[in-house]
Amino acid sequence: MGKMKIKPGVVTGSQLQEVFEYCKSVPCAMPAVNVVGSNSINAAMQSAKEAGAPIIIQFSNGGGLFNAGKFLDNTDQKAAVAGSVAGAHHIRLLAEYYGVPVILHTDHCAKKIIKWVDGMLDAGEEFYKANGEPLFSSHMLDLSEESLEENLETSATYLERMAKIDMTLEIELGVTGGEEDGVDNSDVDSSRLYTQPEEVLAAYDKLHSIGSFTVAAAFGNTHGVYKPGNVKLRPIILKNSQDRIQADRGTGEKPLDLVFHGGSGSTEAEIKEGVSYGVVKMNIDTDTQWAFTHPIKEYMDANDGYLHSQIGNPEGADQPNKKKIDPRAWLHAGEKGIVARLVEAFDDLGSKDQFEF
Ligand SMILES: [Zn+2]
C-alpha cells in the first residue's frame, strides 16, 4: 500500500475521515499530545516532521486555561476558551512553517464545564463563516458521569451543531481510570472501567447518521502511569464492540474510529493490539510531561554551579551566567525531550513514515 499524501496545515472534515480510514487499513494510529503552551505545541509539530505522520495536538480544559495564563479569572470558562482559541491560531499559523499536518483537538469536557466547548464552537462557527473550514478539527465531550441516555442525547445535539461546520466529535463511553487534569476516577467502580458492546451499539445508532464521531471506549485504560495494579487492560473489548456493530448493523469491518485514552505507560503489545482493533488515536500526556520535565532537571543539576547567582561560577567569581540562566537554554532541552518521546510514540503506533507531505 502506498503512503497517504496529505497537505500540511490543520486537517478537518472529510479529509480527517480519510486519515482515520487509512489508519485503520494500515493499521496504525496517531499520538494525541496534551499541550500547555508554545513550547509543547512547537515540539509536537517538530515531532510530526521527524516522524512523517500527522500529529494530534489537543488542549485539555486546564491546558487551554494555562495557555491563556493561570493569572486570569476563568468565570464562565472565558479564559479557557480564549487560551484554547489562541493556541489554535498559533498552531494554524505555524503548522505551515513546520510543513506538517495537524489534527487540532480538545480533550475531556464534562457537563459542568460545557461552556468551554460552547465558547470554542462560537469561535469555530465564526471561523467557518470567514474561511469555509472549522477552527478546530474536533472536540471531545466526556459525559461518562451522566446516564448513557443523557450522554448520547447531549452528544447528538452537539454533533448536529458540529457537523454543520465539518467538525468531528469524540465521545466517552465507560470511564477512563486514574486522575488527569483535576478529574479523579481512581475510586470508580471497576465495572465502569469496561465499556459494554451494547453501549457502543447504542452510540452508533444514535450518532452515525448525524455526523462524524470517534469513541473513547473504556477497556481498563488509566490516565497516568502507575505500578501494575488490579485493573487489567482488556483491548478485546474494542474488537467485540466493532464486531457487534458489524454483525448487527451490516457494516464493513471496523466501523468505529476508536480512541485509546491513558496511553502513557502502556506496553508495545497492548498498543499494537488496540491499533489492530481500530484505534486511530492514542492520548499521551504523563509520558510527555516527564519527557519535558526530566531534561530540565538534568540541565539544572549539570549547571548547578552557574544558577545560584547572575555573576560568579566555578570558572571565576566575576564570570557572568547570562547564557546559562536564559530560559531558552533549558526550555529547549525540554522541547527536545518531548520530540523524542513523541517520535517513539509514532513508532509504537505504527504511523511513523506512513504519510507523505
Ligand atoms: Zn483521557
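Asp 166 is buried, with 20 other C-beta atoms within 10 Å. Its phi is positive, about 60°, although Asp 166 is not a glycine. The model is predicted.

**Backbone geometry**
- Asp 166 sits in the loop between H6 and strand E7 (168-173).
- Asp 353 is another non-glycine residue with positive phi, near 60°.
- The loop between helix H12 (327-349) and strand E16 (355-356) holds Asp 353.
- Asp 353 is partly exposed, because 13 other C-beta atoms lie within 10 Å.
- The peptide bond joining Val 26 and Pro 27 is cis, with omega about -15°.
- Pro 27 belongs to the loop between helix H1 (13-25) and strand E3 (30-34).

**Helices H6 and H7**
- The axes of H6 (residues 148-163) and H7 (residues 197-207) come within 10 Å and cross at roughly 30°.
- An angle under 35 degrees counts as roughly parallel, so H6 is roughly parallel to H7.
- The H6 and H7 crossing is right-handed.
- H6 brings Leu 148, Leu 152, Ser 155, Ala 156 and Leu 159 to the contact; H7 brings Glu 199, Ala 202, Ala 203, Lys 206 and Leu 207.
- By class, this contact of H6 with H7 has seven nonpolar, one polar and two charged residues.

**Largest nonpolar core**
- This core has 94 residues, and Val 102 and Val 215 touch the most other members.
- Helix H4 (residues 78-98) supplies the largest share of the core, eight residues.
- Beyond its neighbours within four places in sequence, Val 215 contacts Ile 171, Leu 173, Val 200, Ala 203, Leu 256, Leu 258 and Val 259.

How values were computed: Residues numbered from 1 in each chain as written. Predicted model: local features only at pLDDT ≥ 70, side-chain atom pairs only at ≥ 80, totals over all residues. Axes fitted to C-alpha atoms, helices over the stretch in contact; angles between N-to-C directions. Helix = DSSP H or I, 4+ residues; strand = E, 2+ residues; numbered from the N terminus. Parallel < 35°, antiparallel > 145°, perpendicular 65-115°, else oblique. Left-handed = near helix turned anticlockwise from the far one by under 90°. Contact = placed C-beta atoms within 7 Å. Nonpolar A, V, L, I, M, F, W, Y, C, P; charged D, E, K, R; others polar. Core = buried A, V, L, I, M, F, W, Y, C linked by C-beta atoms within 7 Å. Buried ≥ 20, exposed ≤ 12 C-beta atoms within 10 Å, placed from the backbone.
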